[in-house]
Amino acid sequence: MSAIQFLIIGAQKGGTTSLFEYMRRHPQIHMPANKEISFFDLNYSRGEEWYLASVLRDARPGAVCGEASVGYMCGTPYGEFRNDRNWDAHLSARYEDQLENIIPGRIGRLLPEIRLICVLRDPVARAYSHYSMACLGKAETRSFDQAVEDLLAQDAMEHARAMPLSDNGYIANGEYGRVLAGYLRTFAREQLKVVFSDELSNSPADTLAQVFEFVGVDAGYEPENLDTRYRAAALEPRVQGLDLYAWQRRLAAASPARSAWRRLPGGVRERVGRTYSVASFRTEMWNARRGVQEQEMSSSTRHRLMDHFRGDAELLRSLMGEEIPWLLEWGGS
């Protein structure tokens, strides 16, 4: 068996950070301190040795090792083209296969026996949460109704499915059936564990026991942080402008900073980069003030999204061989 035994693959805004924080407390599990290694979608060019070192560094002998990166549920390695205006031409020229097969194929070649875990949330609620996060990060200025109107256009949907960015993936990233179909063309159904976010919120101990059993560790262990929900309902930053990710992007864009960075020894760059990544993740979680969202989704937009997601939810039901909670709530047959 590979040294990396499981991946939490998403979905974004579904509860993956909470699951990550619970699982990494287990004494038999090793996970990197920072979520989002993002190897198979964003950092694939760094190579296998970089990935294995990033995940396995400081792992105890015999530990069950894994990582969590929500980009693996985006259905496409869009990160390779995120600064490219000709994304569509390059994707179609480079990849003859369905986009949803690419990331699972990469994972399968390196980790054929991997256990895959995904946390899925009602895609309508997930879309609104994703939109709220984009507003918090100043990436979105439209109303939610207008954003949905724009994104449901055929060209916009095709663009978002190929390159789901911070302000266009609200709908595309909730098409779980479409994305998981790509995984099940690569992996056996037994290698995929689906957790519904309401189960994780309402029955965390029971749900986590199932996950622990799935990855092969003591299912009776209960972490001390089970009553904490991470990255839930972020409304505003505690400290305006405290965004280490943004600071890093600005420094990377400055020529003097890039030149100084390249002059550092490789080992120093690796240690600094790793420390900064962990600090950025922890700072982001602390800086998001939680609360109740004041704005409500309009009934018309809610029903438009339900109509859009219904077919995908039925596909998900057929793939999973189990009922889908939100499809039952919507009155799906």
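These questions and answers walk through the fold of a predicted model.

The model is predicted, so local features need pLDDT of at least 70 and side-chain atom pairs count only at pLDDT 80 or more, while totals for chains, interfaces and linings use all residues. Residues are numbered from 1 along each chain as its sequence is written, and side-chain values use heavy atoms, with hydrogens and water left out.

Me: How many helices and strands does the protein chain have?
Reply: Helices (H or I, at least four residues) and strands (E, at least two) are DSSP runs, numbered from the N terminus. By that count, the protein chain has 15 helices and seven strands.

Me: What percentage of the residues in the protein chain is buried?
Reply: Buried means under 20% relative accessible area, exposed over 50% and partly exposed in between, with a 1.4 Å probe and protein chains only. The chain has 333 residues, and the buried part is 47%.

Me: What is the strand order in the open sheet of five strands?
Reply: Two strands pair if DSSP finds at least two bridges between them. Strand 2 and strand 5 (192-196) stand at the edges with a single partner strand each, so one side of each has no neighbour in the sheet. The pairing is parallel, and the order is 2-3-1-4-5.

Me: Which residue of strand 3 is the bridge partner of H30?
Reply: Strand 3 has parallel partners. Strand 1 (residues 4-10) pairs with strand 3 over four bridges, with L7 opposite E67 and I8 opposite A68. Strand 2 (residues 29-30) joins strand 3 by two bridges. There, the partner of H30 is C65.

Me: How many of the five residues of strand 3 are buried?
Reply: Both faces of strand 3 are covered. V64, G66 and A68 are buried on one side, C65 and E67 on the other. Strand 3 (residues 64-68) is largely enclosed by the rest of the structure, because its buried residues number five of the five.

Me: At what angle does helix 2 run to strand 1?
Reply: Axes are lines fitted to C-alpha atoms, for helices over the stretch in contact, and angles run from 0 to 180 degrees between N-to-C directions. Helix 2 (residues 48-56) lies across strand 1, strand 2 and strand 3. Its angle to strand 1 is about 90°.

Me: How is helix 1 oriented to helix 10, roughly parallel or roughly perpendicular?
Reply: Two packed helices are described by the angle between their axes and the distance between the axes. The axes of helix 1 (residues 16-23) and helix 10 (residues 204-215) come within 11 Å and cross at roughly 65°. Under 35 degrees counts as roughly parallel, over 145 as roughly antiparallel, 65 to 115 as roughly perpendicular and the rest as oblique. That makes helix 1 roughly perpendicular to helix 10.

Me: Where does P164 lie, and is P164 buried or exposed?
Reply: P164 lies in the loop between helix 7 (154-162) and helix 8 (176-184). G75 is 89 residues away in sequence, yet 8.9 Å away in space, C-alpha to C-alpha. At a relative accessible area of 3%, P164 is buried.

Me: Which residues does L319 touch?
Reply: L319 is found in helix 14 (residues 299-320) and is partly exposed at 24% relative accessibility. Contact means heavy atoms within 4.5 Å. Not counting residues up to four places away in sequence, L319 touches G177, L180, A181, L184 and R189.
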